[in-house]
Amino acid sequence: MKTTHVSDLVRRYFAAYETKDREAIAGLLADDFTFTSPYDDHIDRKTYFERCWPNSANMRAFRVVKLFEQGDEAFILYEGQFKGSEMFRNTEFFRTEGDKIKAVEVYFGSPTRSRTT
């Protein structure tokens with residue numbers, strides 16, 4: 001039974017990257033989780049943690065620009081910033097099942113103007 005809004009799962013996913021909390025993100029992902037990006041084609045959970053999660057060490061912050069939720073799916077448009085680099089903008093599509101993230105598809109954007117926070 002679903003007890004968590006998809007948008008809450010998405011926000012917790014990004015918060016785990018900001019805080020470098022691997023245990024938190026592991027708890028959000030379904031056992032059969034898949035991740036797709038321009039560099040990764042439906043990689044599984046194990047490969048995601050080997051290939052993608054190490055990038056969290058270089059992540060400074062995320063800022064949600066838009067977050068749309070419908071049923072068990074969500075789209076997020078966000079700005080992110082790696083340590084020592086300019087901001088970038090990406091879009092991600094999330095599919096969930098119950099209280100777990102089942103799949104993420106990332107669409108890379110372009111660098112954005114830096115903003116002071």
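**Close-ups of a predicted model: pocket, rings, charges and loops**

Sorted by class, the lining of the largest pocket comes to 14 nonpolar, five polar and three charged residues (Ala, Val, Leu, Ile, Met, Phe, Trp, Tyr, Cys and Pro count as nonpolar, Asp, Glu, Lys and Arg as charged, and the others, Gly among them, as polar). A word on the numbers: this is a predicted model, where local features need pLDDT of at least 70 and side-chain atom pairs count only at pLDDT 80 or more, while totals for chains, interfaces and linings use all residues. Residues are numbered from 1 along each chain as its sequence is written, and side-chain values use heavy atoms, with hydrogens and water left out.

**View 1. The largest pocket and what lines it.** The volume of the largest pocket is about 460 Å³. Its lining takes in 22 residues, and Asn55, Phe82, Asn90, Val106 and Phe108 are the ones that lie nearest its centre. Helix 1, strand 3, strand 4, strand 5 and strand 6 (100-111) are the elements that give two or more residues to this lining. Strand 6 gives the most, with five residues. For the record, helices (H or I, at least four residues) and strands (E, at least two) are DSSP runs, numbered from the N terminus. The pocket search runs on a 1 Å grid over the protein atoms alone: a pocket is an open set of points with protein on both sides within 12 Å along at least five of seven lines, and lining residues have an atom within 4 Å of a point. Points are joined across faces, edges and corners, and the volume is the space filled by probe spheres set on them.

View 2. A pair of aromatic rings is described by the distance of the centres and the angle of the planes. Rings of Phe, Tyr and Trp (its six-membered ring) pair if their centres lie within 6.5 Å, and planes under 30 degrees apart count as stacked, over 60 as edge-to-face and the rest as tilted. By this rule there are 17 aromatic pairs. Tyr13 belongs to helix 1 (residues 6-19) and Phe94 to strand 5 (residues 87-97), so the pair ties together parts that are 81 residues apart in sequence.

**View 3. Arg22 over the ring of Phe49.** The charged end of Arg22 sits 4.0 Å from the centre of the Phe49 ring. To count as sitting over a ring, NZ of Lys or CZ of Arg has to be within 6 Å of the ring centre and within 35 degrees of the ring normal.

**View 4. Glu79 between two arginines in a salt-bridge network.** Which residues are linked in this network? Arg63, Glu79 and Arg89 are. A salt bridge is a side-chain nitrogen of Lys or Arg within 4 Å of a carboxyl oxygen of Asp or Glu, and the structure holds five of them. In the bridge from Arg63 to Glu79, the closest N and O atoms are 3.0 Å apart. That pair links distant parts of the chain, with Arg63 in strand 3 (residues 59-70) and Glu79 in strand 4 (residues 73-82), 16 residues apart. Arg89 also bridges to Glu79, with its closest N and O atoms 3.0 Å apart. Arg89 lies in strand 5 and Glu79 in strand 4, so this pair ties together parts that are 10 residues apart in sequence. Glu79 is buried, at 1% relative accessible area, whereas Arg63 is partly exposed at 38% and Arg89 is partly exposed at 29%.

**View 5. Lys46 and Glu50 within helix 3.** The Lys46–Glu50 salt bridge has its closest N and O atoms 2.7 Å apart. Both residues lie in helix 3 (residues 45-51), four residues apart, about one turn of the helix. Lys46 is exposed, with 58% relative accessibility.

**View 6. Positive phi at Lys20 and His42.** Most residues other than glycine have a negative phi. Lys20 has a positive phi near 60°, and His42 has one of about 50°. Lys20 is placed in the loop between helix 1 and helix 2 and is partly exposed, at 32% relative accessibility. His42 is found in the loop between strand 1 (29-36) and strand 2 (43-44).

Definitions and conventions. Buried means under 20% relative accessible area, exposed over 50%, partly exposed in between (1.4 Å probe, protein chains only). On a 1 Å grid over the protein atoms alone, a cavity is a set of points where a 1.4 Å probe fits but cannot get out, and a pocket is an open set with protein on both sides within 12 Å along at least five of seven lines; lining residues have an atom within 4 Å of a point.
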